[in-house]
Amino acid sequence: MLDTAALPEFPAYTCQVLVLALAAITARVLPISVKYHPIFFFALVTYKLGEKINPDPKRNSSQLAISGFMGLISAVLPLLAIIWFFIPLVEFPLFVDWLILWLCLTDQTNWKAQLKVKQALDKQQKLLARDRLSDTVLRDVSKLSPMGIAKASIESMLLHSAYQYFAILFWYLLLGPLFVLFYRLLAVLQQSWNIKQPAFKHFSTSINFLFTLISYLPVRLFAWSILLFRAPVKSFFKMGKTLRQFDKQYRCGSFCLFYAMSHSLKRQLAGPVFYGEQKINRPRIGDFPPPEAADIQHCRRIIKETAMIWWIVIVISSVVIMISG
């Protein structure tokens, strides 16, 4: 990895783009197995930490919220502080950027898991498909039909791509590697202490709010870019109106993704889900037929095409900055 000091003719942003491209290629060609991924160990630690600092979910809601915020600080701040002190000591700081990005870009692992779900559905192995899907989603999959499995698989792939790929590209170019690491660790906490689980309903209030706030802009940009070449112009205006209604009523930032993919695939998404014994009545999105196993592959193709749009914009902006500099 090259240091910016060794390439004075390159602007810092151009070096960032080069590092980001190299990290994205590395993450795709050499994805780290979930069992050996540092993020996996962090998730295990935070899960155990949640059991320690949230032993009684029936406590006062304000006390639970404060405990959750303190848990966030105790889980994330030490790691960020260590890396913050470590970076100035490294001779090639862009190598640290590449390493952080490689560890944070984990969408490829989810895609491989969803491909196995599709293969099981193609062979009409419903129980196997449920089992493979359960590794990547928090919802209860025990009663899902093949249509429900396909829908959940599409939504999982869409969410992972938005929050663990596109948002990371966005925030690295805007605020650098430390913020990306903070965002990625926050995403792990948001999953480990998910607010949809009754035990963390109040405990994870601050974590969920912060994660939703940080991911709001990149996720919205990703959703709009999905629609860019695949839906009529009127869908753009309708999407804005629909999302304002959904955000006000359901307070779920993922509806923009479901809306965009639903209108791109011409398939219905969202709808009620179960988390344990708790049923969440989400609205169904799209007046289209329900998805099938083949739509999992179609969803991945749309995500790849959207990624290409983002990379074209990133490269063009880098060239413009380099020429103007």
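Isoleucine 214 is found in helix α9, residues 205-227; helices (H or I, at least four residues) and strands (E, at least two) are DSSP runs numbered from the N terminus. The model is predicted: local features need pLDDT of at least 70 and side-chain atom pairs pLDDT 80 or more, whereas totals for chains, interfaces and linings use all residues. Residues are numbered from 1 along each chain as its sequence is written, and side-chain values use heavy atoms, without hydrogens and water.

With a relative accessible area of 8%, isoleucine 214 is buried (under 20%; exposed is over 50% and partly exposed in between, with a 1.4 Å probe and protein chains only). Beyond its neighbours within four places in sequence, isoleucine 214 is in contact with Trp171, Phe179, Phe182, Tyr183 and Leu186, contact meaning heavy atoms within 4.5 Å. Its C-alpha atom is separated by 9.1 Å from that of tryptophan 171, 43 residues apart along the chain.

The chain has 12 helices and four strands, and 49% of its 325 residues count as buried.

The structure holds 15 aromatic pairs. Rings of Phe, Tyr and Trp (its six-membered ring) pair if their centres lie within 6.5 Å; planes under 30 degrees apart are stacked, over 60 edge-to-face and the rest tilted. Two of these pairs are tabulated.

| Pair | Centre to centre | Angle between planes | Class |
|---|---|---|---|
| Tyr165 and Phe166 | 5.2 Å | 75 degrees | edge-to-face |
| Phe166 and Trp310 | 5.0 Å | 75 degrees | edge-to-face |

Phenylalanine 166 lies in helix α7 (residues 146-175) and tryptophan 310 in helix α12 (residues 294-324), so their pair ties together parts 144 residues apart in sequence. Both phenylalanine 166 and tryptophan 310 are buried. Ring pairs link Tyr165, Phe166, Phe222 and Trp310 into a cluster.
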